[in-house]
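Take a look at the model below. A short walk through its parts follows.

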Amino acid sequence: MTDKSGTMLYLNGVSVSFDGFKALNHLSIIVHPGEMLREEFMVPLKLTPGKIARAIGVPRTRIERLVREETALTVDTALRLARYFRMSDGYWVNMQGLYDINMLHNDTARQAEFDAITPLAGTDIPVNEAA
């Protein structure tokens, strides 16, 4: 199984298409991108935060904070990691997005705020007649 870019996600020897959030959400395999970087790339490839940071042109502390799961993955760093590991641009970005959505759904106070939003009724949505 691959997505349009052919990206596969390998977790503990199991390959899953990173076509999106459905496959991972269904399997409840939602990890912080820093955990993925640490466990599935750094450990097996014997990479240090310093080596990755030098290779992708970012401060070492950015990678250290990321793999300690102290900070979110920025789009800039995500694209740099994707290039370095020869992955699609969306691989790391999608992982961070999925992680953020999962954290939101597990935060009952924040979820209550979103539940209080009344969706726009279908008839209230403006339609562009020229299209």
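Which helices do the buried residues of H3 pack against? They pack against helix H2 (33-45), helix H4 (60-67) and H5. Helices here are DSSP runs of H or I, at least four residues long, numbered from the N terminus. Contact means heavy atoms within 4.5 Å.

This is a predicted model: local features need pLDDT of at least 70, side-chain atom pairs count only at pLDDT 80 or more, and totals for chains, interfaces and linings use all residues. Residues are numbered from 1 along each chain as its sequence is written, and side-chain values use heavy atoms, with hydrogens and water left out.

Now look at H3 itself, residues 49-56. Its buried residues (under 20% relative accessible area, 1.4 Å probe, protein chains only) are Pro49, Gly50, Ile52, Ala53 and Ile56. They sit on the same side of H3, because they cover an arc of only 165° around the axis. That arc is taken from the directions from the helix axis to the C-beta atoms. Just after H3 comes glycine 57, with a positive phi of about 75°.

Move on to H5, residues 75-84, which holds leucine 79. Leucine 79 has 36% relative accessibility, so it counts as partly exposed, a class that runs between the 20% limit for buried and the 50% above which a residue is exposed.

Finally, confidence. pLDDT is the predictor's confidence in each residue, from 0 to 100. The protein chain averages 82, and 73% of the residues score at least 70. Over residues 1-7, pLDDT stays under 50. Residues 9-27 also stay under 50; there the model has 43 contacts beyond four places in sequence.

Notes. Helices (H or I, at least four residues) and strands (E, at least two) are DSSP runs, numbered from the N terminus.
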